Amino acid sequence: LLHIKRTRINIMLGTRSIIKSISPLRTSSQSLGLTQHKVNTKLQPTHISHIHNKTFSIYKKQKKNLNQSQFIFSNKRNFHTTTATTMTILRNNESPPTTTPEAKLGFRQLFEGVSATYTYLLWDTLTKEAVLIDPVDTEVKRDLQLIQDELDLTLVYGINTHAHADHITGTGLLKQKLKGMSSVISKASGADADIHVNDGDIIVFGSRYLVIRATPGHTEGCLSYVLDDESRVFTGDALLIQGCGRTDFQGGSPETLYESVHSQLFTLPDDCVVYPAHDYKGRTSSLIKDEKASNPRLGSDKTKEEFVHIMNNLNLSYPKKIDVAVPANMRCGVPDPED
């Protein structure tokens with residue numbers, strides 16, 4: 001029998017927040033109204049809500065008018081307590097936090113040459129809270145030196161756009177080095193992570209935030225992350241510079257990817273900067289308007305039928321690391337204890 005001790009954790013409105021929405025949030029200008037949720041918990045075995053059967057469960061019981069909560073996460077390998085210092089839940093009548101003019105965005109684009117992967121570091125310059133998108137395991141030393149030594153940041157979330165097939169995510173190693181950092185990936189990916197997110201959820205760091213748009217098609221669990229002012233979007237492999245990710249494995253679908261890009265990405269402002277997970281020609285970014293106009297697969301008024309034909313006739317070889325990378329990324333980059 002599992003004995004769970006009573007633990008008290010303050011949950012406050014503020015930073016290091018994952019904001020969950022019931023309905024997808026499409027723009028940062030929606031007027032919905034934000035409230036703070038305070039609960040108290042004494043855990044019993046009957047108070048179990050399985051969030052994802054492959055990763056973790058959240059055990060939660062609420063008592064009205066009290067202000068403490070406990071979140072306990074378990075996976076198939078171990079059982080541990082995770083302290084969430086702040087968590088805000090976005091309901092359908094609530095809105096994201098206000099971004100103050102003083103809270104400027106810090107930004108670094110990093111590159112890993114073997115898989116041509118871009119990693120993105122974003123932080124609130126006032127609070128120095130940061131998120132890292134698509135870290136690579138072989139570049140963790142570089143990332144730690146930048147985050148801790150050079151910039152003196154607090155990394156609150158290591159975020160993956162999807163379970164990659166060409167490299168192993170660095171989130172597992174980063175979690176071992178940085179106390180309090182949480183890993184994030186889509187629930188639809190089926191991969192292990194501290195936090196699973198869905199379309200419309202919001203990831204907050206300081207007073208800045210990223211709005212999640214589900215963009216499946218390359219894989220079933222692909223997400224794109226839109227900056228709060230819609231000036232930047234981090235598209236993973238869904239939309240590349242003058243291209244897109246392949247659709248022939250990991251639940252990929254050209255029909256789904258076409259719909260994702262046109263409904264979730266091409267609806268962003270024309271001057272929104274596109275930051276992909278990869279580029280193989282030395283390019284660093286693009287614009288939504290340029291991809292709509294000239295992307296040879298998805299732009300220039302390409303029909304869905306034309307796109308499906310293109311994708312079904314690429315005849316690409318499988319990524320060299322797929323047999324190693326995908327299983328590792330399903331474990332959040334954590335080495336298999338049986339190896």
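The buried residues of helix α1 (residues 140-150) pack against β8 (105-112), β9 (117-124), β10 (129-133), β11 (154-159) and α2 (171-177). Contact here means heavy atoms within 4.5 Å, and helices (H or I, at least four residues) and strands (E, at least two) are DSSP runs, numbered from the N terminus. This is a predicted model, where local features need pLDDT of at least 70 and side-chain atom pairs count only at pLDDT 80 or more, while totals for chains, interfaces and linings use all residues. Residues are numbered from 1 along each chain as its sequence is written, and side-chain values use heavy atoms, with hydrogens and water left out.

Back to α1: which residues are buried there? They are V140, D143, L144, L146 and I147. Because they cover an arc of only 165° around the axis, they sit on the same side of α1. K141, D149 and E150, on the other side of α1, are exposed. Buried means under 20% relative accessible area, exposed over 50%, and partly exposed in between (1.4 Å probe, protein chains only). The arc is that of the directions from the helix axis to the C-beta atoms.

Helix α6 (residues 322-330) can be read in a similar way. Buried in α6 are I322, A325, V326, A328 and N329. Their arc around the axis is only 170°, so they lie on the same side of α6. D323 and V324 are exposed on the other side of α6.

| Helix | Residue after it | Phi |
|---|---|---|
| α1 | D152 | positive, near 55° |
| α6 | C332 | positive, about 65° |

Now for the second largest pocket, whose volume is about 690 Å³. On a 1 Å grid over the protein atoms alone, a pocket is an open set of points where a 1.4 Å probe fits, with protein on both sides within 12 Å along at least five of seven lines; lining residues have an atom within 4 Å of a point. Of the 29 lining residues, L240, R246, H278, Y280 and L316 are the closest to the centre of this pocket. By class, the lining has eleven nonpolar, nine polar and nine charged residues.

Finally, the whole protein chain. The protein chain has six helices and 19 strands, and 53% of its 339 residues count as buried. Among contacts between residues at least 6 apart in sequence, 66% join residues at least 24 apart.

How values were computed. Grid points are joined across faces, edges and corners, and a volume is the space filled by probe spheres set on the points. Ala, Val, Leu, Ile, Met, Phe, Trp, Tyr, Cys and Pro count as nonpolar, Asp, Glu, Lys and Arg as charged, and the others, Gly among them, as polar.
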